[in-house]
Amino acid sequence: MALKEKALKRLCGRLNKAGIPYLLTGAWMLSARGFEDAWHGFDVAVPGSCAEKADEVLTKLGMRTPVRETERSCEIHYHFDGADITLHGGYELPGDIRFEPPFAMDTTVVLGEEVPLMTLEDAFALSLLTGQEKEVERLRTCLLTRPFRLSHLTQALAAPGILAQVPQQA
């Protein structure tokens, strides 16, 4: 994993230098919190307004493969330094819900580089809103082991339908 950690340090360093706000999410974010052992790449969330700039930075690092690009969001894959990276620029959410990744409430450090993490609460809500059932169940399991921190849920995602699906601890 050392090579991939070097890729993550390089990725975060470049995004930080460019002044692009971002959060790490997905399996690596869960692993950084001790919930999962297996991860294969890095999922990076940036505000939709920063997606183009983030794409320019990541394209300079390695191979680029666009998956989906719309006016509101994009998903683009990259490969460099032995790591797979997925850029999530904005999100296609129902109705008038607009989610811009907030400042990092949670961080970790990798090889001396501070890495901002998406909160479990936001990841859970986004997975529900985008219909990612497998991810919802994975996050639901994590949230059963610790309290759901309402203060860590971005206000735009705090719809009653989301809060009704928050797993209750025994």
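Helices are DSSP runs of H or I with at least four residues, numbered from the N terminus. In this predicted model, Asp55 lies in helix H3, which spans residues 51-61. Asp55 is buried, because its relative accessible area of 14% falls under 20%. Its side chain makes a polar contact of 2.5 Å with that of Tyr78. Beyond neighbours within four places in sequence, the contacts of Asp55 are Arg64, Ile76, Tyr78 and Leu87.

The cysteines were examined next. A search of the whole structure returns zero disulfides. Cys50 is in no disulfide, and the nearest cysteine sulfur, that of Cys74, is 11 Å away.

Aromatic pairs number four. The ring centres of Trp28 and Phe42 are 5.9 Å apart, and the planes meet at 65°, so the pair is edge-to-face. Trp28 sits in helix H2 (residues 26-32) and Phe42 in strand E2 (residues 41-46), so this pair ties together parts 14 residues apart in sequence. Trp28 is buried at 7% relative accessibility, and Phe42 is buried at 1%. Ring pairs link Trp28, Trp39 and Phe42 into a cluster.

Phe124 and Phe148 form another edge-to-face pair, with centres 6.5 Å apart and planes at 75°. Phe124 belongs to helix H4 (residues 120-129), whereas Phe148 lies in the loop between helix H5 (133-143) and helix H6 (160-163). The pair therefore ties together parts 24 residues apart in sequence. Phe124 is buried, with a relative accessible area of 0%.

Technical notes: Residues numbered from 1 in each chain as written. Predicted model: local features only at pLDDT ≥ 70, side-chain atom pairs only at ≥ 80, totals over all residues. Heavy atoms only, no water. Helix = DSSP H or I, 4+ residues; strand = E, 2+ residues; numbered from the N terminus. Buried < 20%, exposed > 50% of the residue type's maximum accessible area, 1.4 Å probe, protein only. Polar contact = N/O pair within 3.5 Å; in protein donor to acceptor, adjacent residues only side chain to side chain. Contact = heavy atoms within 4.5 Å. Disulfide = S-S within 2.5 Å. Phe/Tyr/Trp six-rings, centres within 6.5 Å; stacked < 30°, edge-to-face > 60°.
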